[in-house]
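Please read it alongside the sequence and the coordinates displayed below.

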Amino acid sequence: MAKAAESSGDPGTTTPRPLFAGLSDISISQDIPVEGEITIPMRSQIQEFDSSTLNESVQNTIMRDLKAVGKKFMHVLYPRKSNTLLRDWDLWGPLILCVTLALMLQRSSVDSEKDGGPQFAEVFVIVWFGAVTITLNSKLLGGNISFFQSLCVLGYCILPLTVAMLVCRLVLLAEPGPVNFMVRLFVVIVMFAWSIVASTAFLADSQPPNRKALAIYPVFLFYFVISWMILTFTPQ
Amino acid sequence: MAAVDDLQFEEFGDAATSPAANPGATTIHIEGPSESPTHQPGLPRGSGGEEDDELLGNDDSDKTELLAGQKKSSPFWTFEYYQTFFDVDTYQVFDRIKGSLLPIPGKNFVRLYIRSNPDLYGPFWICATLVFAIAISGNLSNFLIHLGEKTYHYVPEFRKVSIAATIIYAYAWLVPLALWGFLMWRNSKVMNIVSYSFLEIVCVYGYSLFIYIPTAVLWVIPQKAVRWILVMIALGISGSVLAMTFWPAVREDNRRIALATIVTIVLLHTLLSVGCLFSFLFFGVWFFRPWHLLQESRMTKPAGKLMGWHHPLASKRGHTEV
């Protein structure tokens, strides 16, 4: 209820009014709507990761993680704009893929020391430091994606290239020749395009709209270098 | 706004009343990143002409200094400080690349394109792309040269990538550092109109390296003459961008020192381009000499096998002979 402003005395009154004296007379009435909500945001569904998972069998634990990784593989192979990779990021998948790729790409015999092919550690470092550099770049450009989410996406999108590596290794068992090379080139190009499309589908939304190309170009360069390493792999 | 208009009018008045022999008023370019005007409306008072273009550039930077106030004051240990160096949009990066490819006499790259918003995105990723372009096309050209040889074993040379990367990044960062230090030292002796901040110099050098990326790709063509012509063209374009950028910064100086500075810049750039060509060839140079030895020992080339990826005859590769 709004009282009449009794504080509006004559200008001629000599009593000095204290500061903000009139505020106490103002009260909020019903016809001034208050905007907004003052509700506590609901906590998202958090699974009970406490002692209940300590008691489960090892198989349960491993299968749960493997299923999560497998689900993300499916998301990469059929990329739609979805949040699964971003929301529940994990680095198991990237680790598995990177180790597989590095194992297959390393030079196979010790005495070919002078051979210029990459060692296991070189491939590993290229993949992880490349992913870190791209993540830093996209964060510096103003993208609102967290560090590990971006690493997760970039790591998972190596899956097509790992498949290409497997295919190339199989093709290389056959007779070498131009057909051999053409098949490998085609497979690598297709998988490279698939990787780019998959990572763009996941990463593009988190970038500021007028800098998308700037953030995607390093991803292109990264997968291009990996594709080059796969294409030029020659077994001993 | 009235105060700003007054300031603008006053500055123009100063420039008009200064003697015609002195083309530029002594405006001090405040160093360090400041807020960038994204699109400058054409100031109606500015008439055409290169002097006015520079004055406009100075006016813009001063005006934005006054208008923007303190913008980039994050301490250097926060992430936001480094984000200010990546404050560019896609079209800005493309404009800067275009500016580095088309050196127009009189148009200063820094004034026109960078406009006190230097970025580190361009230099870093152009250098990275250049390293990989040289590595991959070097490998490719080596492969194409030895196409059809039975005993040639193709190897991707990854060790050399790190050497090439070191050279290119060192050039893109250490030479601007030296140049900036030198310009600072000269500025303390001679009052120059234009002085560049360290990041702007890094930016110019980084973007001027862009021309080498298509050049490296075209170096796959195995003709020696073609390669040297490409080097000349690339050197001409990027060298002229650099020379035109730094000429206004040194022309107030002693004539000989100014010329010596420009000559040194161009010379270093020549060294870099020749170095790029040699590192390109380096990606296969270990095979050139033993290839000649193999050539003598073999009578005929094998027919019908286009890509001879057979098991290498390791003893013939002869790395130790180099």
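How many aromatic pairs does a search of the whole structure find over all chains? The search finds 23 of them, where rings of Phe, Tyr and Trp (the six-membered ring of Trp) pair if their centres lie within 6.5 Å, and where planes under 30 degrees apart count as stacked, over 60 as edge-to-face and the rest as tilted. The model is a predicted one, in which local features need pLDDT of at least 70 and side-chain atom pairs count only at pLDDT 80 or more, while totals for chains, interfaces and linings use all residues. Residues are numbered from 1 along each chain as its sequence is written, chains are lettered from A and ligands numbered from 1 in the order in which they are written, and side-chain values use heavy atoms, with hydrogens and water left out.

**Aromatic pairs**

The rings of B:Phe182 and B:Trp185 have planes at 50° to each other and centres 6.0 Å apart, so this pair is tilted. Both residues belong to helix 7 (residues 159-189) of chain B, where they are three residues apart, about one turn of the helix; helices (H or I, at least four residues) and strands (E, at least two) are DSSP runs, numbered from the N terminus. B:Phe182 is partly exposed with a relative accessible area of 25%, and B:Trp185 is partly exposed at 46%, given that buried means under 20% relative accessible area, exposed over 50% and partly exposed in between (1.4 Å probe, protein chains only).

A second pair, B:Tyr196 with B:Phe246, is edge-to-face, at 5.8 Å centre to centre and 80° between the planes. Since B:Tyr196 lies in the loop between helix 7 and helix 8 (198-208) of chain B and B:Phe246 in helix 10 (residues 224-250) of chain B, the pair ties together parts that are 50 residues apart in sequence. B:Tyr196 and B:Phe246 are both buried. In chain A, ring pairs link A:Phe192, A:Tyr217, A:Phe220 and A:Phe224 into a cluster.

**Chain B**

Chain B has twelve helices and zero strands, and buried residues make up 46% of its 322 residues. Of the contacts in chain B (heavy atoms within 4.5 Å) between residues at least 6 apart in sequence, 81% join residues at least 24 apart. Helix 8 of chain B is largely enclosed by the rest of the structure, because ten of its eleven residues are buried; among them are B:Glu200, B:Cys203 and B:Tyr207.

Two packed helices are described by the angle between their axes and the distance between the axes. Axes are lines fitted to C-alpha atoms, for helices over the stretch in contact, and angles run from 0 to 180 degrees between N-to-C directions.

| Helices of chain A | Angle | Axes apart |
|---|---|---|
| Helix 4 (residues 92-105) and helix 7 (residues 159-172) | about 30° | 10 Å |
| Helix 5 (residues 120-140) and helix 6 (residues 147-156) | about 130° | 9 Å |

The angle makes helix 5 of chain A oblique to helix 6 of chain A, as angles under 35 degrees count as roughly parallel, over 145 as roughly antiparallel, 65 to 115 as roughly perpendicular and the rest as oblique. The residues making this contact include A:Ile134 and A:Lys139 of helix 5 of chain A and A:Phe147 and A:Leu151 of helix 6 of chain A.
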